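Hi everyone, thanks for making time for this. Please bring up the sequence and the model on your screens, and we'll walk through a few places together.

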Amino acid sequence: MKQLLRPNLIIPLSVFLLARLAAHFMGIESQCYGGWTAECWSRWDSGLYLQIAEQGHNLVPCPDWPGAWCGNAGWAPLYPLLIKVCTWFGAAPAQSGLWLSQIFFLGLMLVAAELWEVRNFAVRNWLGLIIVGFAPGSIYFQALFPVSLVVFLLMLLQYYLTKESYLKAGICGFLAVLSYSGGVFLLICLALWGLMQWIKTKKFPWQLALKTGLVTFSGMLVWWGYDAYATGHWNAMFLIQQKYGHGLHSPLKHFGMHLKILLGHSWGMKSWVEVQNLIIMTSVIAMAVWIILRRKIDFMAFQALFIFIFWMFPYSVGMDVSLYRGCALLTPGFAMFKTLPIGWLWAIAIVFLVLWFPMSVLFFQSIII
């Protein structure tokens with residue numbers, strides 16, 4: 001019984017249930033009465049994941065877009081594969097996807113308790129897990145998307161890196177890049193982190209490079225190999241994404257464009273999307289300045305690097321990127337806040353909660369997808 005009453009079990013389980021209850025309440029308040037079904041919890045890309053689970057990846061010329069490629073190969077295959085496995089046991093595909101999202105949501109909360117070093121029932125530990133459970137974009141942890149899956153794997157990777165279990169971290173990275181197209185940013189993080197370690201110690205970090213970096217990169221090779229087999233094009237993901245015109249642009253330019261959208265329209269519920277973008281962008285810049293002034297190459301620096309890469313790259317790619325969903329991938333890096341004074345934790349938790357409620361309404365009303 002004592003083992004079941006551990007803080008690192010009770011607190012994440014309690015916050016998980018609180019987030020589930022809050023989401024149920026917001027669904028009803030937003031006139032979505034389907035409960036815990038695909039009717040309330042699926043959006044546009046959800047259909048693509050279900051299609052992949054049923055048919056696998058495909059790539060076809062766009063019928064109304066000459067020279068462009070369409071299909072579902074632009075979306076990661078691991079989540080649909082897990083859904084397909086569930087259907088072998090008689091489960092409905094959509095409901096299987098929702099069950100998987102909940103399982104991985106609970107899993108990421110349990111791993112977060114380890115990253116935040118929850119060892120007692122102190123208020124700061126509750127605040128830390130609330131920050132995780134109600135982080136920006138976290139409504140998608142419960143939806144028919146692989147967001148909770150990839151965040152769980154990214155958190156587990158960070159946990160194993162703190163333990164210097166490089167091969168286990170690599171396996172998590174391998175699975176992460178097969179779970180979400182944004183997982184590719186992980187390769188950039190690991191490469192830069194290895195470079196920082198090399199500069200600091202004057203020794204090449206072979207274990208990080210081979211056991212974590214190389215194994216993580218092999219996840220991309222598996223994805224490309226599968227696409228070559230299924231579609232005849234190893235680069236099917238890039239061919240599909242190419243038509244959206246994404247490319248790296250100045251984040252300052254996009255900051256100005258996002259700010260113009262926020263200030264150039266009358267206030268409405270959708271304005272919360274740009275409010276969240278503004279808060280995250282300014283916070284990421286402030287965090288980067290703080291880490292640079294701190295001048296310490298420790299694991300907190302890796303977590304800051306992780307947040308910076310996973311925000312700045314999508315932010316710079318294009319104005320039509322779903323930042324309101326992708327920002328959920330920043331959650332593993334929030335463990336760097338565990339050393340902050342409790343006043344800061346209160347402030348962060350309150351801001352995240354304030355953002356969570358209107359963003360949830362926008363989700364249930366299908367204004368964000």
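Let's begin with what lies over the buried residues of helix 9: the cover includes helix 7 (147-162), helix 8 (166-177), helix 10 and helix 14. Please keep in mind throughout that this is a predicted model.

So which residues of helix 9 are buried? They are Phe185, Leu186, Leu187, Cys189, Leu190, Trp193, Gly194 and Gln197.

Now step off the end of helix 9. The helix is followed by Lys202, which has a positive phi, near 65°, although Lys202 is not a glycine. You'll find Lys202 in the loop between helix 9 (185-201) and helix 10 (206-231). Is Lys202 buried or exposed? Its relative accessible area is 68%, so Lys202 is exposed.

There is another residue to look at in this way, Gln31. Its phi is near 65°, again a positive value in a residue other than glycine. Gln31 sits in the loop between helix 1 (7-29) and helix 2 (38-41), and because its relative accessibility is 53%, with exposed meaning over 50%, Gln31 counts as exposed.

Let's go back to helix 10, where we find Thr216. Thr216 has 0% relative accessibility, so this residue counts as buried. What does Thr216 touch, leaving aside neighbours within four places in sequence? Its contacts are Gly170, Gly173, Phe174, Val177, Leu186, Leu187 and Leu190.

Ser360 is another buried one, at 1% relative accessibility. It belongs to helix 16 (residues 342-364). Not counting residues up to four places away in sequence, Ser360 touches Met26 and Ile139.

How does helix 14 pack with helix 12 (residues 251-263)? Their axes are 9 Å apart, at an angle of about 70°, and the two helices are therefore roughly perpendicular to each other. On the helix 12 side, the contact is made by Pro251, His254, Phe255 and His258; on the helix 14 side, by Met312, Tyr315, Ser316 and Val317. Sorted by type, the residues of this contact are 5 nonpolar, 3 polar and no charged.

Last stop, the largest nonpolar core. It has 120 residues, and the members that touch the most others are Trp116 and Trp311. Which helix gives the most to this core? That is helix 14 (residues 299-317), with 13 residues.

Let's finish at Trp116. Setting aside its neighbours within four places in sequence, Trp116 is in contact with Asn125, Gly128, Leu129, Ile131, Val132, Phe334, Ala335, Phe337, Lys338 and Leu345.

How values were computed:
Residues numbered from 1 in each chain as written. Predicted model: local features only at pLDDT ≥ 70, side-chain atom pairs only at ≥ 80, totals over all residues. Heavy atoms only, no water. Core = buried A, V, L, I, M, F, W, Y, C linked by side-chain atoms within 4.5 Å. Buried < 20%, exposed > 50% of the residue type's maximum accessible area, 1.4 Å probe, protein only. Helix = DSSP H or I, 4+ residues; strand = E, 2+ residues; numbered from the N terminus. Contact = heavy atoms within 4.5 Å. Axes fitted to C-alpha atoms, helices over the stretch in contact; angles between N-to-C directions. Parallel < 35°, antiparallel > 145°, perpendicular 65-115°, else oblique. Nonpolar A, V, L, I, M, F, W, Y, C, P; charged D, E, K, R; others polar.
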